[in-house]
Structures are given as structure tokens and as C-alpha cells.
Amino acid sequence: MSPERRDTFRWRDVPHLLSTRLLAAFLVPTLLILAVTGTAVYQLARAILEEELGTSLSNIAAATASQLNGERMLTIEPGDDVGGTRTWRNVVRLLEGVREASNVRRVFAVDVQGRVRADVGGGLPVGAEVPELARDRLELARVFAGQHAASQVLFTGSDGRLYKTGYAPITLAGQVVGAVGVEGSAAFFGPLQRLSRTFAIMGALALAALAVVALLTARGLARPLRRLMDSALRIGRGDLTTPVPPEPTREIGVLARELEEMRGALEGRDRQLKMMLAGVAHEVRNPLGGIALFSGLLQEDLRAGAHEDARAHVERIEREVAFLQRIVEDFLAFAREQPLARAPVEAPALLSIVSELSSAEAQSRNVVLDVDASFALLEADGSLLTAALLNLVKNAVQASPSGGHVRIHGAVRDGRYAIQVHDAGAGVPDLQKERIFEPFFTTREKGTGLGLPLARKIARAHGGELHLTSTPGDTTFTLTLPLGAVSPPR
């Protein structure tokens with residue numbers, strides 16, 4: 001697949017992928033929260049309502065049991081319901097009154113063996129065993145021990161509805177002789193299920209609303225991201241001149257600004273590289289031309305036997321080769337990204353070394369070097385700083401008139417250490433001040449134009465800066481550096 005088609009494919013997929021991820025990020029956690037919350041609320045409400053229903057039914061059973069005469073209940077025998085004995089009718093009348101007043105499904109009385117003595121709503125004959133009692137054995141054990149109880153589980157009646165049974169003991173002379181059972185409908189399940197359905201519907205609507213929000217958010221994010229990716233692709237294809245448009249969104253705006261800074265840095269580096277290549281080509285052309293010229297003259301003089309002239313041509317070739325080597329070394333020093341080997345450096349010692357290394361050229365030009373440095377400890381690469389300061393001092397010496405002075409001054413100023421190299425030469429014209437730090441810009445015939453740019457590069461690598469102030473007869477280069485961990489003595 002070609003790069004163009006691959007890029008197009010990626011662009012087409014960006015909104016879709018973003019929408020999918022946002023939908024997943026919005027909907028999946030929300031769905032889980034709604035499901036867990038809904039289930040927990042439903043189960044809690046059901047448990048509370050079941051408990052309340054069981055308590056209510058057992059209380060009704062207790063109230064009914066308190067009205068039953070245990071002795072009379074035990075006199076009811078199988079067949080009394082068929083014959084309609086007076087005792088049986090009285091018990092049934094009581095149970096029917098409870099059933100109607102409480103609006104329950106069934107009320108029955110049994111003895112401790114679980115045989116029916118009266119059953120209203122269930123239709124079981126006297127003496128029959130109640131099948132439901134086998135389901136509630138544990139609850140009946142508590143009832144026959146003298147406690148109230150309700151069935152732990154709901155059961156489905158013949159009408160398809162859910163029911164629960166409450167029990168209470170029937171006592172005679174302090175002894176439990178039977179139990180009253182009251183079956184009530186779990187009518188609350190209807191509203192509870194409707195509430196559950198309503199919750200599910202509301203949850204679905206909330207999910208749908210979140211889906212719309214996610215899609216709109218994805219669409220709103222996709223547009224600026226697409227613009228940023230367009231800019232990134234342009235930069236990747238080598239278009240470093242088109243600015244990255246700003247974005248109003250805060251986070252994406254920060255990304256756009258960072259991308260624009262990167263583009264500007266790449267553009268500056270590309271422009272600098274082109275300038276350096278052009279400068280190298282221009283500077284190398286002159287010594288190569290000189291070498292070619294003097295090599296031809298040398299060959300002619302050797303053929304003619306003019307050895308003295310030939311020796312002069314060899315010296316000229318050597319000078320051109322030395323200049324060519326200097327160009328290459330300066331270019332490599334400027335182009336190479338050298339890691340800083342930071343170490344504690346005492347400022348006065350650093351300036352003293354620079355003065356000693358520059359003294360030979362200063363003496364040859366009859367220039368006096370004056371060094372005045374207050375103490376400060378710098379965390380710096382001593383060799384690189386020495387190279388930068390040597391370049392500044394060398395330029396000052398070359399610009400100074402015979403018998404002049406070059407002053408090298410170092411002092412703490414505004415929380416930083418400022419090193420000033422001052423000369424009283426002709427100064428730098430205003431038109432050249434803007435270009436003096438450009439690579440390969442020089443006003444000297446044999447200058448490479450890389451000394452000052454390299455010095456500024458070294459200063460900035462240390463977190464400092466290099467500035468120029470110049471008027472005729474008063475030129476000062478100021479190199480500022482951050483102080484080290486140890487403060488200068490007072």
C-alpha cells in the first residue's frame with residue numbers, strides 16, 4: 001500500500017475508532033453501574049418487603065391464635081366439617097373474619113402433628129395433612145417452640161401469584177398444642193416489577209443519551225485531531241513552512257502549540273542546515289581554488305627548475321590546506337551535538353586559563369589582556385566554555401588596535417554569573433549586529449563565521465546566553481551563566 005493510500009485509510013478510520021472508544025468508555029461503565037445498582041436496589045427492596053410481609057402475616061397469625069381456644073380446637077375431629085359441628089363452625093367463623101379483615105388468601109389451624117383442624121381458603125378437610133408444612137419445617141419447629149415465624153421463601157399459588165405464610169403458636173395451659181397459618185399474597189411484587197421495568201427503561205434512555213453525547217464528543221474531537229494529523233503529515237512530508245493552526249480546545253490547543261513549536265524548531269534547523277551546507281560549499285571553494293592554482297604553478301616551477309618559487313607555492317598550498325582543515329573542524333564543532341560533561345568550575349581559574357591561552361596572539365598584536373574575576377562556582381563543561389571564551393577573546397584581540405587593552409571581567413549579577421569581554425576596536429556596524437551570530441557570516445577574509453554562533457550555542461547549552469553591545473570604540477560581548485550549587489563567599 002502506498003503512503004498516500006495508507007494515510008487516507010488512517011484518516012478515514014480516526015473518527016470511527018474514536019467514536020467506538022468513546023462509546024465503550026461511556027457506555028460500558030455506565031451499563032455495569034446501572035446493572036449492579038439496579039440489581040442491588042431490586043434485591044434490597046424485595047428482601048425488605050418480604051421481611052415486612054412475613055412480619056405482618058406472623059402478627060396476624062399471632063392475633064388469630066390469641067383468639068382461638070386451644071382446648072376447643074383439639075376437640076375438632078375428622079368429619080366435623082361434614083357434619084358442621086358447632087365448635088368447628090365457630091372456629092371457621094373466626095378464621096373467615098380474620099381472612100376478610102386482613103385480606104389474606106388463606107387462614108388455617110393445625111395441631112402439632114400438622115393435621116388440619118380448620119382451613120379457610122385452602123379447602124382441606126379436617127384431619128388432612130397440609131403439604132406446605134413440609135416446606136416450612138424449620139419455621140414450624142420454631143413455632144412449636146413458642147415463637148412467631150414466617151416462611152423464608154415465597155411460593156407460587158394455583159393462581160400463579162407469589163405467596164408467603166406467617167405462623168404463630170396456639171397454646172393451652174402454657175403448652176403449644178397447634179399453630180395458625182396465614183397465607184398472604186406478595187402483592188408488592190407487581191409495583192416492584194413495574195419499578196424494575198421503569199428503571200430498565202430509564203437506564204436504556206440514559207445509555208442512548210450517553211451514546212449521542214459520545215458520538216457528538218467524538219465528532220468534536222475528531223475535527224481538531226484531523227487538522228493536527230494533517231499538519232503532522234505535512235511536517236512528515238517535509239513541508240516545514242505551513243504553520244500549525246491553533247485550536248480552541250485547551251488540551252488539543254496545547255498539543256497544537258507544541259506541534260507548532262516542533263515545526264518551528266525543525267524549520268529553523270532545516271534552514272540552519274541549508275545555510276551551513278551553502279556556507280561550507282562557499283568557504284571550501286576558495287581554498288580548493290587556491291590549492292588548484294598553486295599546484296599548477298608548483299608543477300610549472302618544478303619543470304623549470306625554479307625551486308625557490310616552488311617552495312613559496314608549497315607554503316601557500318599548506319596555508320590553504322590548514323584553512324580548509326580549520327573550516328572542517330569549525331563546521332564539525334558547530335554541527336555536532338556534544339553532551340555536556342558538567343563539573344564544578346571556579347570562574348576566576350577559567351578566565352585565567354583563557355587569558356593564558358590567548359596571551360601569545362595578544363602579544364603578537366601588541367594587545368594587553370586584563371583579567372578581573374570575582375569568585376563563583378559554576379556547574380559547567382570547562383573545555384566547552386574555554387573554547388567559547390577563547391573565541392570571544394580572539395575576536396576582541398583581532399579587533400583591538402595596537403597597544404590596546406582587552407578586558408575580561410567576571411562578576412555575579414542578578415543571580416547569574418556574567419563574563420564580559422570588552423575591546424576598544426572599531427565596533428560592529430548596526431547592520432551586522434543582527435547577523436553576527438548567523439553561521440558562516442564573517443567580515444574577515446580568512447574567517448569561517450562559525451566562532452560566534454558556536455559560542456552562543458555553548459552558552460545556551462549551559463542554560464545561559466551570549467549578547468553583544470557595540471558602539472565605535474566600545475564593544476562588549478556578555479556571556480551569562482547560571483550559578484552552581486555553592487554560593488560565592490561574601
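Helices, in what I am about to say, are DSSP runs of H or I with at least four residues, and strands are runs of E with at least two, both numbered from the N terminus. With that in place, I can tell you that the protein chain in this predicted model contains 13 helices and 13 strands.

Let me begin with the chain as a whole. It has 490 residues, and buried residues make up 37% of them. The accessible surface of the chain comes to about 27700 Å², and carbon and sulfur atoms account for 57% of that surface. If we take the contacts between residues at least 6 apart in sequence, 65% of them join residues that are at least 24 apart.

Which residues touch the most other members of the largest nonpolar core? In this core of 37 residues, they are Leu-389, Leu-392, Leu-466 and Phe-477. The elements that give two or more residues to the core are helices H10 (347–364), H11 (382–399) and H13, together with strands E9 (377–380), E10 (405–413), E11 (416–423), E12 (465–471) and E13 (474–482). H11 gives the most, with 8 residues. Apart from this core lies another one, made of 27 residues, which include Ala-65, Ile-76, Val-98 and Val-104.

Leaving aside residues up to four places away in sequence, Leu-466 touches Leu-392, Phe-437, Leu-452, Ala-455, Arg-456, Ala-459, Phe-477, Thr-478 and Leu-479. Some of those names return when we turn to helix H13, which spans residues 451–461 and whose buried residues are Gly-451, Leu-452, Pro-453, Leu-454, Ala-455, Ile-458 and Ala-459. After H13 comes Gly-463, with a positive phi near 85°.

I would next like to look at how H10 and H11 are placed against each other. Their axes are 9 Å apart and the helices pack at an angle of about 40°. H10 is therefore oblique to H11, and the crossing in which H10 passes H11 is right-handed. On the H10 side, the contact is made by Leu-350, Leu-351, Val-354, Leu-357, Ser-358, Glu-361 and Ala-362, while the H11 side includes Gly-382, Leu-385, Leu-389, Val-393 and Val-397.

Is Arg-263, at 6% relative accessibility, buried or exposed? Arg-263 belongs to helix H8, which covers residues 250–304, and Arg-263 counts as buried because its relative accessibility of 6% falls under the 20% cut-off. Setting aside residues up to four places away in sequence, Arg-263 touches Ile-235, Leu-240, Thr-241, Thr-242, Pro-243 and Val-244.

The other two are asparagines with a positive phi. Asn-103, which is not a glycine, has a phi of about 55°, and its place is in the loop between helix H4 (86–102) and strand E1 (106–111). With a relative accessible area of 69%, Asn-103 is exposed. Asn-366 has a positive phi near 60° and lies in the loop between H10 and strand E8 (368–373). Its relative accessible area is 47%, so Asn-366 is partly exposed.

Methods: Residues numbered from 1 in each chain as written. Predicted model: local features only at pLDDT ≥ 70, side-chain atom pairs only at ≥ 80, totals over all residues. Heavy atoms only, no water. Buried < 20%, exposed > 50% of the residue type's maximum accessible area, 1.4 Å probe, protein only. Contact = heavy atoms within 4.5 Å. Areas by Shrake-Rupley, 256 points an atom, 1.4 Å probe, with all protein chains shown as cover. Core = buried A, V, L, I, M, F, W, Y, C linked by side-chain atoms within 4.5 Å. Axes fitted to C-alpha atoms, helices over the stretch in contact; angles between N-to-C directions. Parallel < 35°, antiparallel > 145°, perpendicular 65-115°, else oblique. Left-handed = near helix turned anticlockwise from the far one by under 90°.
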